[in-house]
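Here's a quick briefing to read alongside the model. Take a look at the fold first, then go through the notes below.

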Amino acid sequence: MTHYCVLCIEDCPYSLSLLQLALKPFERKFTLLYASNAEQVQQHIQFLNDTDAELALLMASQSLYHDSSQRLSELSRNAPNCRKILSCDPNQLQNLVVAINEGRLDHCFTYPLHAENTHTVIKKELTEFIISQSKIDWLSYGSVLNSQKIMRAYIEKRIHAYRDDFIRDYHSISDDELSEKVCTELDDFFTEHNKDNTIRSYSTSHLLTKEGQANQFLWFILDGQVALYKQDEYGKRREVVRHGKGGIIGGMSFVTGEKSFSTALTLSPTKVIKLSKSTFTKVMQSNNALLPLFTNLLLRHFNRRLQRSIETKLQLEHTLESLKAAQSRLVENEKMVVLGQLVAGVAHELNNPISAILRSSDTLIHEITRDTEYFNPVSKRLSKAVLERALVANPLPTAILRKKSNAISHLVPSKQHAKMVIMMGLESDIAQLSQHDQCSTILSELEHYYTAGTTIRSINVCSSRIAEMVKSLKSYARADDESVKKVDIHEGIEDTLVIFENHLKNVEVERNYHNIEPILCRPNALQQVWTNLVSNAIDAMDNKAMDNEAKLTIHTQKLKDTIEVTVEDNGQGIEASQLDHIFKLNFTTKKQGDFGLGIGLSVCHQIVRQHHGSINVKSEIGKGTQMIVRLPFTP
């Protein structure tokens, strides 16, 4: 007799026959019981109690009981999962809605019954009952019930079971213990089913995976040792990690389908389980307990790999920080060495403006102490204009001065007087001065104001010159931790040329500046670039400077979203074989005995890259070198 029963209580012969017809397909899996009165119902209930059969579905007509829904609950007291269906007249349906909402009923039929609808509802309710029974084989009922729903419920049940296995307390056992469990299960399985020669033994140096190639297999190490190797940027193979018993080889590429990350070689005679994807699927389907074990082992394998990567990354970051700190100290030392050399030249250069200031101060004292009270009224009237022009006017080129003075020499007592008129800017007053009988005296008195003005201007120029030199040195020596600022790029170039002015005395400097808006950059860092490039250019032109043939050209231009600065010399040039190495640290083209640590261009390259720019070189032996710096234009 079937373990589950269906009890149908109906006193209407027509309805009873229709229900029997609807229930007929289910008799292969369920015992069908029918009753038309209370006595027969009691007999069937006693039968269920005596045989320990379980009631799966209880169907009754409301005409038999005053409170049918309550009565159904009492009859199914010993079968809590039993489904309950009540049949009633349409005008009684409203009273049963409350019972359905409260869960005392699962469905309600209305008279007259329809065979097709009745069969469908019974099938649905019996399906719900079966999938509520967790300890039976649901799939065996698929032939008479809703097979699709049963299959979905079965799959979901298995997923829940796997999930429960996955979150089981595997964390309480070690990696070795978990590996031992998996290997033991696999070894036992393939000892009996080793048709495909899955358990294999390899000699030393046997290749399992190859870096960059596809991998279709998964290896479990039963005994022995395997090393993973990774090829570095120079093509040298380096060992990454070793795996012993319980280790997994090829896990990532096997699961994801990606190419192998590393090359795996056996280091000793090694026994492995070699699984293809089809064999792996077969094993996992045959042994349900193995899948959660394997999954946990694989997750641990990936987690350990991730941990190693994180630890390696942290070590590399620490090493990189140490290297950056060492490089910063080295760069700063290089700056100070260059600065020491530059200071000597700048100190010599400072002597010229200082001497000029001292001479000018003597001249100014002499002119100030001169008594001007009895000067000619014409001189007094023109004195202010002459003094103001002298304070700002630049000296005229000799050729222009000679041409202009010759043109008015017939109007004044001498050619020297004519030059004085032109230098003091008195061309507009020449007609009045030439007719004055004291013309020579007036010009001599006005020369006093002109000399005082040019002397003051000379002091200002020399003072500004000294300030520029000091500012340039301070900028170069300043620390590198500066913020980004908006500046005119030409200012830094000019400051650099000021620093090297003593070294450029015999060098023709050509400035070819285009109009470029101020850009966002680290100006002090860029000045270090210009300083290194100009210094290298000067050294390259050393021989030509002695013959006054050296030429330094600095060209700037804007190209769309890029600024290009070219520092060009006509020096000895760089060998083609050396061009690819000049930006490397500690590489220098300077001769032994000359100053050259091989740091300057490496620093330039680093600074330009920090500005998201580029630096390139073009050179030809005997003709010179071009250093081309390109920076993004960020206004």
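Two strands count as paired if DSSP finds at least two bridges between them. Helices (H or I, at least four residues) and strands (E, at least two) are DSSP runs, numbered from the N terminus. Keep in mind that this is a predicted model, where local features need pLDDT of at least 70 and side-chain atom pairs count only at pLDDT 80 or more, while totals for chains, interfaces and linings use all residues. Residues are numbered from 1 along each chain as its sequence is written, and side-chain values use heavy atoms, with hydrogens and water left out.

**Around strand 13**
- Strand 8 (residues 217–223) runs antiparallel to strand 13, with six bridges between them; Ile-221 has Val-272 as its bridge partner there.
- Strand 6 (residues 199–202) is also antiparallel to strand 13, joined by four bridges, and Ile-199 partners Ile-273.
- Six of the seven residues in strand 13 (residues 270–276) are buried, meaning under 20% relative accessible area with a 1.4 Å probe, protein chains only.

**Helix 13**
- His-417 and Met-420 are among the buried residues of helix 13 (residues 415–423).
- Just past this helix, Gly-425 has a positive phi of about 70 degrees.

**Nonpolar cores**
- A nonpolar core is a set of buried Ala, Val, Leu, Ile, Met, Phe, Trp, Tyr and Cys residues joined through side-chain atoms within 4.5 Å.
- The largest one has 40 residues, and Trp-530 and Met-627 are among those with the most contacts inside it.
- Helix 17 is its top contributor, giving eight residues.

Definitions and conventions
Buried < 20%, exposed > 50% of the residue type's maximum accessible area, 1.4 Å probe, protein only.
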